[in-house]
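Morning, everyone. Let's walk through one structure together, piece by piece. Have a look at it first.

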Amino acid sequence: MGFFLEVVLGGLMAGVLYSLVALGFVLIFKASGVFNFAQGAMVLFAALAMARLAEWLPDLLGFESLLLANLLAFVLAALIMVVVAQGIERLVLRPLVNQEGVTLLMATLGVTYFLDGFGQTLWGSDVYKIDLGLSKDPLLVLGDFFEGGILLNRDDIAAALIAVALVAVLALFFQKTATGRALRAVADDHQAAQSIGIPLNRIWVIVWAVAGFTALVAGMVWGSKLGVQFSLAILALKALPVVIVGGFTSVPGAIVGGLLIGLGEKLAEVYLGPIIGGGLENWFAYGLALAVLLVRPQGLFGERIIDRV
Amino acid sequence: MSTRKIGEVILDLRNISLAFGGVKALTDISFDVREHEIRAIIGPNGAGKSSMLNVISGVYTPQQGEIIYRGEHHTHTDPHAMATHGVARTFQNLALFKGMSVLDNIMTGRTLRMRTNILQQAFWKGAAEREETLHREFCERIIDFLQIQPYRKTPVGRLPYGLQKRVDLGRALAMEPSLLLLDEPMAGMNVEEKQDMSRFVLDVNDEFGTTIVLIEHDMGVVMDISDRVVVLDYGKKIGDGTPDEVRSNQDVINAYLGVSH
Amino acid sequence: MLYRENGQFKTRYSDDQQIFPILQDRWLVMALIAFAFIGVPMLASEYMFRAILIPFVILSLAALGLNLLVGYCGQISLGSGAFMAVGAYIAYNAYTRVPGMPVIGAFLIGGAAALLVGIVFGIPSLRIRGLYLAVATLAAQFFCDWVFARIAWFTNYSASGSVSVPTLTVAGISIDTPQSKYLFCLAIATVMALAAKNIVRGHVGRSWMAIRDMDVAATVIGIRPVTAKLSAFAVSSFVIGVAGAMWAFVHLGSWEPLAFDVNRSLNLLFMIIIGGMGSIMGSFFGAAFIVVLPILLNQVPAWLGVPISTAMASHLEFMIFGALIVFFLIVEPHGLARLWSIGKEKLRLWPFPH
């Protein structure tokens with residue numbers, strides 16, 4: 001039982017990481033109907049930026065504090081990400097503004113490749129660390145109920161807390177601020193929003209900036225846990241099923257979807273794996289997404305799409 | 001007016017009701033269409049005319065009511081079935097295949113009659129080529145009829161609106177339909193274009209005996225070429241009869257003048 | 001002036017329906033084909049065969065297959081690598097397990113297996129489209145990756161997970177020199193490209209394009225979306241499967257599942273985007289581009305005297321690919337093929353301006 005709980009918690013924690021990436025997808029899709037395949041590449045780029053900046057700044061500016069290095073790196077990386085996100089929106093998406101979804105998908109695929117090469121050119125292609133100063137010793141909890149206690153990683157707990165904080169901030173932003181309201185209006189109906197005077201271009205600029213910031217948070221969390229390496233770019237491919245399961249237009253959907261996928265993957269790998277053969281993790285998420293697609297295409301929380309003739 | 005002798009009832013619609021969620025598009029509509037006649041459906045915008053055509057061609061399934069075409073029930077049907085039974089239609093918003101030429105668009109109308117399988121097609125010489133040439137001849141006759149010969153190889157997206165409408169009609173004609181549904185065939189046309197299109201419609205009815213149901217806003221056209229008229233408003237039928245009868249119907253006049261309900 | 005159709009009057013519809021109705025086009029293509037079959041083997045070096053020509057021919061065929069599905073029928077597919085894998089592994093098993101199996105037979109069986117798998121993975125396309133379909137095809141890709149890595153039967157229980165084939169012989173002729181490999185692939189590719197072009201100009205191709213352009217109108221005409229979409233998946237997968245078998249048997253010789261992963265799928269997709277979707281010729285343009293570009297990137301800096309590391313070259317390759325995809329999608333979504341036909345239009349008027 002203790003082992004089962006560990007697997008469950010481990011899966012949920014992995015799921016939190018997926019959710020963080022999926023959040024970026026959902027934000028952009030909600031506001032502009034574009035599926036940003038490049039979100040994974042943005043996460044990697046952001047993580048690389050933060051890792052390297054945290055490495056270089058202390059030497060450059062001559063200080064020792066890890067906390068200061070991380071803080072400065074975070075802020076700088078955030079600014080960089082905002083610029084990168086703007087660049088993508090302005091150079092790639094605006095010229096393609098009325099094309100079908102598939103064209104836009106392929107354009108963001110192109111952006112992924114570009115960011116991949118560019119990021120590694122700028123920041124280097126080794127494996128880097130993001131050190132948030134958390135001790136790597138795992139926590140053992142609930143030792144009274146279960147023999148030996150349940151193993152929890154501090155990284156994972158931090159990740160979960162950060163995710164919660166991010167979602168809270170985003171929720172506040174969307175619900176309580178005027179800009180947030182405008183964003184929701186644009187997400188609902190572009191033309192109606194335009195007709196009441198909401199400047200679409202400015203909104204998209206903001207959305208992409210927020211998505212870039214989200215990518216940085218996700219990159220920071222992932223990078224701290226796994227190290228910053230190329231395979232992070234594969235994240236986009238993992239986060240896609242999350243958004244399918246949760247619904248493309250739903251922030252709670254991204255969270256729930258991520259948790260479900262993370263949990264399902266771990267459980268499948270641990271319990272089904274020995275029967276069918278390992279490596280289930282590679283495609284379980286996609287299998288689940290496919291099943292959801294056939295049964296309920298809009299996902300758990302998404303809006304129903306009706307085609308009018 | 002049709003010059004042919006109007007035949008028996010070929011299409012019978014009984015108590016058709018159609019709703020999308022809470023929106024009632026059609027409520028308890030009944031009317032019939034006789035063979036060889038030209039039947040117009042008119043009514044203000046949003047009256048449900050296009051929905052009616054969609055129901056007849058099988059795109060929408062009505063929640064209630066029956067569709068009896070040539071003596072057979074076709075209420076729960078799909079567009080493919082209606083196509084095989086000789087029902088063809090044009091679209092209000094064209095719905096042409098923009099990636100193909102005029103000739104190819106019209107040739108798609110012959111798809112149901114083309115029987116060669118993929119392997120024969122891959123080989124081309126022999127059966128596939130013969131079939132293609134045969135149907136090409138048929139489509140060329142339609143192209144002649146509609147006078148769009150110079151444009152046969154042009155991608156339809158490049159043609160002006162009026163010509164695109166003709167291609168839409170040509171594609172429907174290629175199916176050799178016994179029932180032709182025209183959704184606002186004259187929309188957006190000037191007087192000359194309307195005269196041309198009216199002539200085409202009358203010729204089709206005259207030469208091939210095709211029964212025609214058309215949605216049209218231009219009252220002059222409707223009064224001139226149709227045998228009988230159905231009037232819809234807010235999804236309900238408010239008039240049914242010859243053009244003269246309908247013209248003097250008070251309900252119809254009210255609907256068009258916008259008298260409050 | 002040179003490219004005029006003056007005097008070329010067609011008296012029969014069958015003449016008008018030829019693949020290249022304009023005489024000059026026919027001559028050009030005949031010349032190209034003659035050069036490809038006769039001239040190239042005499043002129044090209046072994047390196048050119050191995051690094052450029054053979055991959056170009058095989059990947060053109062694969063891209064062509066993908067183009068049938070994505071370009072002509074409008075169904076997005078990110079899983080083409082998986083279909084290549086199916087073709088390769090089933091052909092491998094047919095070749096090694098069935099005594100006396102000819103190579104072409106193995107290829108056809110591989111293609112047939114890919115066709116069946118293609119139909120199965122095409123079933124979601126009946127209910128979903130666009131982005132969602134892309135996800136479904138990705139699911140197919142990852143699932144197939146896993147199957148060929150895990151289920152040992154496919155790799156003949158090889159310990160390392162990779163398989164290889166012995167030297168091929170076709171009708172008694174051994175295919176072991178670069179020239180013979182090239183000609184073998186070229187012959188297969190030419191035949192299949194011709195068949196594909198024939199399908200595309202007939203009613204099956206028109207049904208595909210109708211579904212792509214306006215599927216509701218297509219159903220009203222009597223085209224069954226099920227038939228059209230699944231036939232597109234079937235034919236496309238068959239072609240890709242045969243290409244996969246060719247890639248494995250002739251080009252690679254020995255391979256492992258990673259050779260057919262999602263990167264290969266994306267690679268093929270890029271070929272048809274750049275080359276031109278919905279164009280048979282475009283598939284060849286795109287394949288040529290994608291095959292030659294990395295080589296150029298590796299060689300040109302050295303020629304210019306600016307040496308760059310292989311890692312850097314690979315980063316540059318990614319960046320250029322990405323930028324080009326975006327460029328083509330914005331500027332010319334119909335790819336190089338459209339640029340080619342625009343060029344021809346201008347040539348018809350040359351030397352007059354209009």
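**A loop residue, then the helices**

Start with B:Ser101. This residue sits in the loop between strand 6 (87-89) and helix 3 (102-108) of chain B. Keep in mind that we are looking at a predicted model.

Is B:Ser101 buried, exposed or partly exposed? Count the neighbours. There are 18 other C-beta atoms within 10 Å of B:Ser101. Buried needs 20 or more, and exposed needs 12 or fewer. So B:Ser101 is partly exposed.

What does B:Ser101 touch, once we leave out residues up to four places away in sequence? The list is B:Arg152, B:Lys153, B:Thr154, B:Pro155 and B:Val156. Take B:Lys153 from that list. In sequence, B:Ser101 and B:Lys153 are 52 residues apart. In space, their C-alpha atoms are 5.2 Å apart.

Stay in chain B. Next is helix 6, residues 161-173. Its 13 residues should span 18 Å at 1.5 Å a residue. The end C-alpha atoms are 18 Å apart, so the two values agree. How many of the 13 residues are buried? The count is 10, so helix 6 of chain B is largely enclosed by the rest of the structure. The buried residues include B:Val167, B:Leu169, B:Ala172 and B:Leu173. B:Lys165, B:Arg166, B:Asp168 and B:Arg171 are also among them.

What do those buried residues pack against? In chain B, they pack against strand 6, helix 3, helix 5 (127-146), strand 7 (179-183) and helix 7 (191-208). Helix 9 (215-221) of chain C is a partner too.

**Over to chain A**

Chain A has 11 helices and 2 strands. Read from the N terminus, the order is α-α-α-α-β-β-α-α-α-α-α-α-α. Chain A has 309 residues, and 48% of them count as buried. Now take its contacts between residues at least 6 apart in sequence. Of these, 76% join residues at least 24 apart.

Look at helix 1 of chain A, residues 2-32. It packs with helix 5 of chain A, residues 154-176, at an angle of about 40°. Their axes are 9 Å apart. At that angle, the two helices are therefore oblique to each other. The crossing of helix 1 and helix 5 of chain A is left-handed. Who makes the contact? From helix 1 of chain A, we have A:Met13, A:Val16, A:Leu17, A:Ser19 and A:Leu20. From helix 5 of chain A, we have A:Asp156, A:Ala159, A:Ala160 and A:Ala163. The contact residues divide into 7 nonpolar, 1 polar and 1 charged.

Helix 1 of chain A also crosses helix 10 of chain A, residues 251-276. Here the axes come within 6 Å, and the angle is roughly 140°. This crossing of helix 1 and helix 10 of chain A is right-handed. Its contact residues divide into 18 nonpolar, 7 polar and 2 charged.

Helix 11 of chain A, residues 281-295, has 15 residues. From first C-alpha to last, helix 11 of chain A reaches 22 Å, close to the expected 21 Å. Its buried residues include A:Trp283, A:Phe284 and A:Tyr286.

**Where two chains meet**

Last stop: chains A and C. Here, 34 residues of chain C are in contact with 38 residues of chain A. Which element gives the largest share of the chain C side? Helix 6 of chain C does, with 14 residues. That side of chain C divides into 28 nonpolar, 3 polar and 3 charged residues.

Note on methods
Residues numbered from 1 in each chain as written. Chains lettered and ligands numbered in written order. Predicted model: local features only at pLDDT ≥ 70, side-chain atom pairs only at ≥ 80, totals over all residues. Contact = placed C-beta atoms within 7 Å. Helix = DSSP H or I, 4+ residues; strand = E, 2+ residues; numbered from the N terminus. Nonpolar A, V, L, I, M, F, W, Y, C, P; charged D, E, K, R; others polar. Axes fitted to C-alpha atoms, helices over the stretch in contact; angles between N-to-C directions. Parallel < 35°, antiparallel > 145°, perpendicular 65-115°, else oblique. Left-handed = near helix turned anticlockwise from the far one by under 90°. Expected span 1.5 Å × (residues − 1).
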